[in-house]
Protein chains: 2
Amino acid sequence: MAVTLHDVARLSGVSIKTVSNVINDYPHIRPATRARVEAAIAELGYTPNLTARNLRSGRTGVIALAVPDLSLAYFAELAAQVIREAEAAGLVVVVEQTGGDRDSELDLLRSPRLKLTDGLIFSPLGVGPEDVGALDVPYPMVLLGERVFEGPADHITMRNVEAARAAAEYLIARGRRRIAVIGAHDGERMGSATLRMRGYREALKAAGIPYDDDIVGRTTFWHRANGADAMRELLARGAVLDAVFGFNDTLALGAMRALRQAGLRVPDDVSVIGFDDLDEAQFSFPALTTIDPGRGWIAKTAVTTLLQRIAGRTTAAPRTLLADFRVVERESVSAV
Amino acid sequence: MAVTLHDVARLSGVSIKTVSNVINDYPHIRPATRARVEAAIAELGYTPNLTARNLRSGRTGVIALAVPDLSLAYFAELAAQVIREAEAAGLVVVVEQTGGDRDSELDLLRSPRLKLTDGLIFSPLGVGPEDVGALDVPYPMVLLGERVFEGPADHITMRNVEAARAAAEYLIARGRRRIAVIGAHDGERMGSATLRMRGYREALKAAGIPYDDDIVGRTTFWHRANGADAMRELLARGAVLDAVFGFNDTLALGAMRALRQAGLRVPDDVSVIGFDDLDEAQFSFPALTTIDPGRGWIAKTAVTTLLQRIAGRTTAAPRTLLADFRVVERESVSAV
DNA sequence: AGCCTGCTCTGCAACGTTATAGGGTGACTG
DNA sequence: CAGTCACCCTATAACGTTGCAGAGCAGGCT
């Protein structure tokens, strides 16, 4: 059924190793021989068996990307970019969905399925600082996200505190003083919510605005529905606010929907800023002002860093690399 | 470095084959031997080398999913569901992005990378009926989408014509007569645009409404930006309309943004219906009325059909399977 | 007693590839 | 004219696993 090196060798009248040499661009081959072999390859439609090659070489040319769920737009866009970067480097990507659940994440790290891959780009949501032990895995890994710092692996992430501070400052600079937050998460000891909250509070403090727990909307999950629900709850209990900082774009978009449903005008009555710069943020009405956290750079750097580890070129201590961010000005924020 | 069967065999004092037998649940092993082997496995932390196993068995436990781009929400949600279904069946998924480009798609079909997988779920955008030859590939494949019918592979898709007709009828039933279309695509001989247009025209005809080319917005790509642009163009040339049928949700959402930007009220001045039932359609303002094309069923059926082909249980002729659809009523359509 | 059967375990070959080591050529050098 | 060297090619042994064939042994049957 499948054509192998043996078949090509037999047809072209050379040894199997010569065929292998032709395929691998070994330089010392007579042009005539090379032509004969290539003709045989074409005639038989031979393609190498990558499984066998991998067994020999110990490499698979496959990397794994583990994210909570592709139906979350942030991770879909991240995955799209990681796959593009990996393809440029000649790799393919297995995408694993953990559901953001700590146990599933720990299972995945130990799964023999990863044996089929050269390395892992892991974006945890459940695993945290208490699991650094489990993160000391026997294969190359790059960590994304905010759950684990000082872990045993390279870590590529964004400047959460600074970016969140910039978002809040952007609102403050436009005269907003009652800036609600959507996405706070009390139980969390380390993560995006904690860090972005820190940046928010820094901005308030620097501007001399008191922190008010009454305008902090809490939600563990960061879906559109959670943003809308948290916003409705804030409005229902009569919170006074002139701006909303959604800790990500889907929260902000959900919140924006709830605001407009409640008859409030965005940005005039309430300005809204998000975080992530999803594609869809350009097309809400009004278009969402947000933070571009450098996702493209993160994807690219994750792949190149993983490749360096795989190649064993870097035996240095784990590094943490931070992406640059910027405020993307659109329509959902106006000056008072 | 890596622990192999040999290491386990040496430690437990049995042959390598016995260890293999223990791992593969071969029944005739003395409990004492089994226990000894299992203890050795645990002590050494042995996990099987899947590459070697695959070379022996000819199976990899990996399937490929080829879509245009994960940053398109429809394909991200499809991929999420395919990965979930595959995982339930003990498979992992390599995601390939073709960009929707015919040449890239044809390249992919011939790529040796697919040698690493047991089969392919392929959602083409560029490849069309003229390429049925190239689709006759030597590995199990399931086709998705509307580009190729009557091909050499199983085909799982949606009831485009009926669903589009239902969408238009839904608008007509609410008194809308000037129903614009966003997403028509003239160059296309076969595809979603063609089929959905057919359903739209069927509905018009059945209601005795004349077809008017002036309210048909054309766009090859189906991003949010294209929907907004096409809508703006229609409005700019003074088209008279009381409803919009976006051939997918992102087009509809883009169009909705353009409508509201132009000061029109949705749904009262102009009602909007989409197609796909993306997660984000629930959270636009107003929430988007749309068609649920049965994406979940499609993902599940694609995986199980592919698995049947891989197992060789079905040697029957290629089948076409159609998902059920339904209209999802939300807020973007109102009665006149 | 002799044979068969079933259980437990083993050795070898094979999956398709690449690395290593080395065997022939012919041409060039001294 | 011998020696050296670059070039072209080949045979063999792995990579880690599983399928196949069978060996040794105990127990039960005739």
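Tutor: Two residues are in contact if their C-beta atoms, placed from the backbone, lie within 7 Å. By that criterion, 43 residues of chain A are in contact with 43 residues of chain B. This is a predicted model, in which local features need pLDDT of at least 70 and side-chain atom pairs count only at pLDDT 80 or more, while totals for chains, interfaces and linings use all residues. Residues are numbered from 1 along each chain as its sequence is written, and chains are lettered from A, with ligands numbered from 1, in the order in which they are written.

The side of chain A that touches chain B draws at least two residues from each of α4, α5 (73-88), β2 (92-97), α9 (224-236) and α10 (249-261) of chain A, where helices (H or I, at least four residues) and strands (E, at least two) are DSSP runs numbered from the N terminus. The largest share, seven residues, comes from α5(A). By class, this side of chain A has 21 nonpolar, eleven polar and eleven charged residues; Ala, Val, Leu, Ile, Met, Phe, Trp, Tyr, Cys and Pro count as nonpolar, Asp, Glu, Lys and Arg as charged, and the others, Gly among them, as polar.

Strand β2(A) also pairs with β2 (residues 92-97) of chain B, in the antiparallel sense and over three bridges, pairing being assigned if DSSP finds at least two bridges between two strands. Within this pairing, Val95(A) stands opposite Val93(B) in β2(B).

DNA strand D is surrounded by 26 residues, the closest being Thr18(A), Thr33(A), Leu5(B), Asn49(B) and Ala52(B). The elements that give two or more residues to this surface are α2 (16-23) and α4 (50-57) of chain A, together with α2 (16-23) and α4 (50-57) of chain B, and the largest share, five residues, comes from α4(B).

Around DNA strand C there are 26 residues, of which Leu5(A), Asn49(A), Ala52(A), Thr18(B) and Thr33(B) come nearest. Here α2 and α4 of chain A and α2 and α4 of chain B are the elements that give two or more residues, with α4(A) giving the most, five residues. The surface near DNA strand C divides into ten nonpolar, ten polar and six charged residues, and the surface near DNA strand D likewise has ten nonpolar, ten polar and six charged residues.

Note on methods: A residue is near a molecule or strand if its C-beta atom, placed from the backbone, lies within 6 Å of it.
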